[in-house]
Amino acid sequence: MDTIRASGLLDSPPQREFDELARLAADLTGSEIALVTILDDERQWFKAAHGTALKETPIGWSFCAHAIQSPGELMTVEDATADDRVRSSPLVTDEPGVRAYMGMPLCAEDGTAFGTLCVIDLHPRGFTESQRQSLRRLALLGEHLINHALRAAEAIARNRAESELEMQRLVMLLTYGIDLKAFIGRDGRYRYVNRAFVEKYGRSEESIVGQHVASLVGEPAYRTVVGPKLEQAFAGQVVTYLRLVDYPVAGPRWMEATLYPVQGEDGQVSGVVLRARDVHDLVLANQKLNERAVSQEQFIAVLAHDVREPLRTIRSFIDLAIAESDGRMPDESVAYLKVASRGTDRLSRLVNGLLSFLQADGQRIPLETTPLGPVLAEVLDDLRSLLDSAQATVSGSLEAAVHGNHVWLRLCLQNLLSNAVKFA
């Protein structure tokens, strides 16, 4: 019975296919009345009725209540006044004075009988085998029609339940999401705010809804920032902007606000949806990156001028001293000056390499085929004093060429060797 109630068939408007089914049943059996009945706990209701103006009867009067007790079997009554099952029914003793009845139960797909396709006459009569078979076949058609309606009702109920669940999810997301959300009407007043919104301001929803935006953000902020952005949104634009908001509870927070215009059926903007995202930590991190970039630029300037220029000067005086020695300086001293000259060359190349890397600003480090032998020779020259003082020797050689960067390969080898000496 619950399935029938859920189907929506009870008390539903007339349907042509059921009306035609009842008329066809009357024609094929030569009966005065034909019905498609559906029964619940208290009544039998006529989904279709041919030959009578009745719409329903109490369940206690019903012939069909007896018929559905035997699903799959045809029930016939040739003279109701002589049948103990129905002889006392007001349908027999009073108007319309039913005498003959033939009904075939209509069953749901689970086998439960919920009604009948039946024919009625007001005089005693029998039914031929052909008439019985016709009613059985028509009842199968009736079952198909009603079970189709049941499946459609189940699908509608399922879709309704899924839609309600989806709506609940959306409401939960809107209400309990971490982003601040609000709907602002054309008059600039809040119509809806979510939980995150009220928590950020430390106020109740009732104290915010209905208030003008200016009363919450303050007149100066509304006049200079928020108000003009709202006007853009009311004009149909999606607007995103950054603002430092001093919340009563959370304190100053950088917020990224986006305003989405909402259009009504007439195409006019009826309001604006506000979505505000807390980006305070991200803004602070960007500020630190900017400060770091400034410091890097300052460091580059120091390398470019305050380091390279003294190196050029040192190199110039060393070369001048070597050129003017002309036998006046011991050969050993000249050799030392030449080592110092080569050292200033390598240091200049290192500084230039560092400058190129820092000025690349995230670009790929230039790579080229680099023989490791000359790189190792430069490193050994740089570390000569450290190696001699530690009485350390480097054996073997590096003959291979690799795809890399000369400056960084040299620094790598220099660190490896200096650490080996220091921690041996």
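The model is predicted, so local features need pLDDT of at least 70 and side-chain atom pairs count only at pLDDT 80 or more, while totals for chains, interfaces and linings use all residues. Residues are numbered from 1 along each chain as its sequence is written, and side-chain values use heavy atoms, with hydrogens and water left out. Helices (H or I, at least four residues) and strands (E, at least two) are DSSP runs numbered from the N terminus.

**Enclosed spaces**

- A search of the whole structure turns up two cavities of 30 Å³ or more. On a 1 Å grid over the protein atoms alone, a cavity is a set of points where a 1.4 Å probe fits but cannot get out, and lining residues have an atom within 4 Å of a point. Grid points are joined across faces, edges and corners, and a volume is the space filled by probe spheres set on the points.
- The largest cavity has a volume of about 200 Å³. Its lining has 18 residues, and Tyr201, Val217, Tyr241, Arg243 and Leu274 lie nearest the centre.
- Several elements give two or more residues to this lining, including helix 6, helix 8 (213-217) and helix 9 (219-234). Strand 9 gives the most to the lining of the largest cavity, with four residues.
- By residue type, the lining of the largest cavity divides into 17 nonpolar, no polar and one charged. Here Ala, Val, Leu, Ile, Met, Phe, Trp, Tyr, Cys and Pro count as nonpolar, Asp, Glu, Lys and Arg as charged, and the others, Gly among them, as polar.
- The second largest cavity has a volume of about 140 Å³. Of its 15 lining residues, Leu35, Phe46, Leu91, Val98 and Ile120 are the closest to the centre.
- Strand 1 (33-39) and strand 2 are the elements that give two or more residues to the lining of the second largest cavity. That lining divides into 11 nonpolar, four polar and no charged residues.

**The largest pocket**

- A pocket is an open set of points with protein on both sides within 12 Å along at least five of seven lines. The largest pocket has a volume of about 190 Å³.
- Among the residues that line the largest pocket are Ser12, Asp19, Trp45, Phe46 and Lys55. Strand 2 (residues 43-50) gives the most to this lining, with five residues.
- The lining of the largest pocket divides into seven nonpolar, two polar and three charged residues.

**Rings and a charge**

- The structure holds four aromatic pairs. Rings of Phe, Tyr and Trp (its six-membered ring) pair if their centres lie within 6.5 Å; planes under 30 degrees apart count as stacked, over 60 as edge-to-face and the rest as tilted.
- Ring pairs join Tyr190, Phe197, Tyr201 and Tyr247 into a cluster.
- The charged end of lysine 200 sits over the ring of tyrosine 247, 5.7 Å from the ring centre. For a charge to sit over a ring, NZ of Lys or CZ of Arg must be within 6 Å of the ring centre and within 35 degrees of the ring normal.

- Aspartate 179 lies in the loop between helix 5 (129-176) and strand 7. Aspartate 179 counts as buried because its relative accessible area is 12%; buried means under 20%, exposed over 50% and partly exposed in between (1.4 Å probe, protein chains only).
- The side chains of aspartate 179 and arginine 275 are joined by a polar contact of 2.9 Å. A polar contact is a pair of N or O atoms within 3.5 Å; within protein, one must be able to donate a hydrogen and the other to accept it, and residues adjacent in sequence count only if both atoms are side-chain atoms.
- The backbone oxygen of aspartate 179 lies 2.9 Å from a polar atom of the asparagine 194 side chain. Asparagine 194 is found in the loop between strand 8 (190-193) and helix 6 (195-201), and counts as buried at 1% relative accessibility.

**Backbone points to look up**

- Most residues other than glycine have a negative phi, and most peptide bonds are trans.
- The peptide bond from glutamate 95 to proline 96 is cis, with omega near 5 degrees. Proline 96 lies in the loop between helix 4 (90-93) and strand 5 (100-107).
- Glutamine 391 is not a glycine, although its phi is positive at about 55 degrees. Glutamine 391 counts as exposed, at 73% relative accessibility.
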